[in-house]
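Trainee: Before we look at anything in detail, I would like to learn how to read a model feature by feature.
Mentor: Then let us take the features in turn, with the general idea before the case.

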Amino acid sequence: ILCACFACNVCGSEIYQTVTGRTFMPIVECKSPTCLTNRARGNLTLQVRGSKFTSYQEIKIQESSDQVPMGHVPRMMSVIAKGETTRLCSPGDMVTITGVFCPAPMTGQRMIHGTGMLQDVFIETFKISKEKKSYSETTLSEEVLARIDAEKGKDNYTRVY
């Protein structure tokens, strides 16, 4: 969510809240001049139609098995994709990610367990490009297509035996 729109249940005014971080705390009480002069505590409800959203995807990447030393566990990292960089990769794809390392403070149970770390690191991505294409995305060359067309008319089932 980029901008949250709230409507007051008492006065009917709309209040906008911009969201700058990964999380936000919604406004609960109305601060419009109408509610302040009437000393009414209007409850605010989120209006989805007036709010502005953007695509958001959290991707977990892991180093490939041929790069992991013998007897070690593969390392993992979180990648945050927003806007046009979402839905560019699927599980099992080999990708190259261009972005910025960003710190995120550990909160809740992860901080209480005493892992020794105060912050987690993630990558805010600018560009995601696939290294290895999936089967459905591969294209055949003209030479291979010509060989397939030449073999179509022949009786291939008798040639197998």
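Trainee: Where is the place of Ser 32?
Mentor: Ser 32 sits in the loop between β2 and α1, where helices (H or I, at least four residues) and strands (E, at least two) are DSSP runs numbered from the N terminus. Residues are numbered from 1 along each chain as its sequence is written. The model is predicted, so local features need pLDDT of at least 70 and side-chain atom pairs count only at pLDDT 80 or more, while totals for chains, interfaces and linings use all residues; side-chain values use heavy atoms, with hydrogens and water left out.

Trainee: Is Ser 32 buried or exposed, and which residues does Ser 32 touch, not counting residues up to four places away in sequence?
Mentor: Buried means under 20% relative accessible area, exposed over 50%, and partly exposed in between, with a 1.4 Å probe and protein chains only. Ser 32 has a relative accessible area of 7% and is therefore buried. Leaving aside residues up to four places away in sequence, Ser 32 touches Cys 11, Ser 13 and Ile 15, a contact being heavy atoms within 4.5 Å.

Trainee: What pattern does the chain follow along the sequence?
Mentor: The pattern is β-β-α-β-β-β-β-α-β-α-α, and the secondary structure comes to four helices and seven strands. Of the 161 residues, 20% count as buried, and among contacts between residues at least 6 apart in sequence, 52% join residues at least 24 apart. The accessible surface comes to about 13000 Å², of which 55% belongs to carbon and sulfur atoms; such areas come from the Shrake-Rupley method with a 1.4 Å probe, and for residues only the protein chains shown count as cover.

Trainee: Which residues make up the largest nonpolar core?
Mentor: In soluble globular proteins, nonpolar side chains tend to be buried together. A nonpolar core is a set of buried Ala, Val, Leu, Ile, Met, Phe, Trp, Tyr and Cys residues joined through side-chain atoms within 4.5 Å. Here the largest has seven residues, namely Ala 4, Phe 6, Cys 8, Ile 15, Cys 30, Cys 35 and Leu 44, and strand β1 (residues 3-8) contributes the largest share, three residues. A second, separate core has six residues, among them Ile 59, Cys 89, Ile 123 and Ile 128.

Trainee: What does Cys 35 touch, not counting residues up to four places away in sequence?
Mentor: With those residues left out, Cys 35 touches Cys 8, Val 10, Cys 11, Cys 30, Ala 40 and Gly 42.

Trainee: How many salt bridges does a search of the whole structure find?
Mentor: Side chains of opposite charge can pair when their charged atoms come close. The search finds five salt bridges, each a side-chain nitrogen of Lys or Arg within 4 Å of a carboxyl oxygen of Asp or Glu. One of them joins Arg 41 and Glu 29 at 3.7 Å, N to O, and this pair links distant parts of the chain, twelve residues apart, with Arg 41 in the loop between α1 and β3 and Glu 29 in the loop between β2 (14-18) and α1. Arg 41 is exposed at 66% relative accessibility, whereas Glu 29 is partly exposed at 33%.

Trainee: What does the salt bridge of Glu 63 and Arg 75 tie together?
Mentor: The N to O distance of this salt bridge is 3.0 Å. Glu 63 and Arg 75 both lie in the loop between β4 (56-62) and β5, so the pair ties together parts that are twelve residues apart in sequence. Glu 63 is buried at 16% relative accessibility, while Arg 75 is exposed at 59%.

Trainee: How should I read the phi of Arg 39?
Mentor: Most residues other than glycine have a negative phi. Arg 39, although not a glycine, has a positive phi of about 55°; Arg 39 is in the loop between α1 (33-38) and β3 (44-52) and is exposed at 79% relative accessibility. Arg 87 also has a positive phi, near 60°, and is found in the loop between β5 (76-82) and β6 (95-105).

Trainee: Which strand gives the most to the lining of the largest pocket?
Mentor: Strand β4 does, with six residues.
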